[in-house]
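Hi everyone, thanks for coming. Let's take a friendly walk through one protein chain together, and have a look at the picture first.

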Amino acid sequence: MLTVSYNDKAYKFPPLHPTQGNTYMYGTIDLDTNWRELEYQNGGHTLNLGATSYFEVPRELFKDLYKSEFFFSEQIMDEIEGGDTSENLPLIYFDLEIGFTKIFDFNTYESVLIGNITRKFPTFKALENLVLDKAIVADSLLTLSNAFNYEPTLRSIKFGKIKDKAINVICLAEFTAHDNTKGRIEIDIWAPIKLYFEAGVYSDSFPELSIDERLKEIRDCFATVYDISEYELIERVVDEESKRVEIQFINKQWK
C-alpha cells in the first residue's frame with residue numbers, strides 16, 4: 001500500500017494486481033567481460049539493490065485528488081472536467097534505488113560500504129528485519145511518477161520478514177509544498193525477490209563466447225560471491241541474436 005498524508009487527510013493507493021510481475025525487490029548485476037580480474041567480492045562492483053512497484057489510483061479519490069495541492073493527473077482532469085471515463089485507473093510508479101557503497105578511489109574504482117549492509121553482495125536473508133542506517137538512506141533514491149508535484153525526501157528504509165519468496169519493504173518519505181505544508185509518504189509492500197546476474201548486456205561483452213559459455217561465466221561469477229549450492233538456477237536466453245543471457249537465482253530457504 002502507498003499512503004500519502006497531507007492536510008490531515010490520508011490517501012491510500014493499493015498495489016496494482018496481480019503484483020507478481022510488477023512489484024519486486026531486485027538484486028542485479030551485469031557482468032564485466034574481465035570480471036575475474038576485477039575481484040567482485042573486494043573491488044568496486046556491488047549488487048544493484050532496490051524495489052519497484054505500481055499503485056492504482058482508486059476512482060473514489062478522483063475528486064479529492066483533483067482539488068489537491070500535491071497531485072496532478074491528466075486522466076483525472078479529463079474525467080472530471082470533460083466526462084471522459086477510462087476503464088483503466090491511473091497508475092503511480094514507484095522505484096527505490098538503495099545506495100550502500102561509495103566510490104572512494106577513482107584510480108582503482110574500489111568501493112567502500114557506508115552503512116549496515118555489510119557485504120557488497122548481500123544475501124536477502126541478511127536484509128530480513130534490517131532497518132537501514134541514515135548513511136544508506138541519505139544515499140538512496142526514491143522515485144515516484146510525475147503525478148506528484150513535489151519531490152519526496154527519504155527518511156527511512158526498513159525490511160521485514162521473508163515469506164513465500166517475498167520480502168516486506170517499508171519506506172517513509174516527506175515532501176514540502178510551496179506554502180511549507182508538510183506531507184508524508186509511506187510505502188509498505190510485499191515484494192517478490194528477484195536476484196539476477198546477466199551477461200552480454202553490451203554489444204562488446206563476451207564477444208567470442210557462445211550462449212552456453214556465457215551462462216557458465218555467470219555461474220562461475222556468482223559462485224565467487226555467494227554459496228551457489230544454496231540456490232536454484234533458472235537460465236534464460238534474453239536475446240538469441242546478441243547472445244544476451246541471464247540466470248535467476250532462487251535461494252532454497254525462500255520457500
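Predicted model: local features only at pLDDT ≥ 70, side-chain atom pairs only at ≥ 80, totals over all residues.

The chain has an average pLDDT of 91, and 98% of its residues score at least 70; pLDDT is the predictor's confidence in each residue, from 0 to 100. Residues are numbered from 1 along each chain as its sequence is written, and side-chain values use heavy atoms, leaving out hydrogens and water.

Now the overview. There are 6 helices and 13 strands in the chain. Helices (H or I, at least four residues) and strands (E, at least two) are DSSP runs, numbered from the N terminus. Among these elements, strand β6 (residues 101-105) has the lowest mean pLDDT, 80, while strand β9 (residues 153-163) has the highest, 97.

How many of the 255 residues count as buried? The share is 45%, where buried means under 20% relative accessible area, exposed over 50%, and partly exposed in between (1.4 Å probe, protein chains only).

The largest nonpolar core has 71 residues, and F13, M25 and F70 are among those with the most contacts inside it. Such a core is a set of buried Ala, Val, Leu, Ile, Met, Phe, Trp, Tyr and Cys residues joined through side-chain atoms within 4.5 Å. Strand β11 (residues 182-199) gives the most to this core, with 8 residues.

Next, helix α6. Its buried residues include I211, L215, I218 and F222. Seen down the helix axis, the buried residues of α6 fall within an arc of 150°, so they line one face; the arc is that of the directions from the axis to the C-beta atoms. What do they pack against? The partners are α1 (35-38), β11, β12 (231-239) and β13 (244-251), with contact meaning heavy atoms within 4.5 Å.

Q248 is buried, with a relative accessible area of 15%. Its side chain makes a polar contact with the side chain of Y196, at 3.3 Å. A polar contact is a pair of N or O atoms within 3.5 Å; within protein, one must be able to donate a hydrogen and the other to accept it, and residues adjacent in sequence count only if both atoms are side-chain atoms.

Finally, just after helix α3, G83 takes a positive phi of about 75°.
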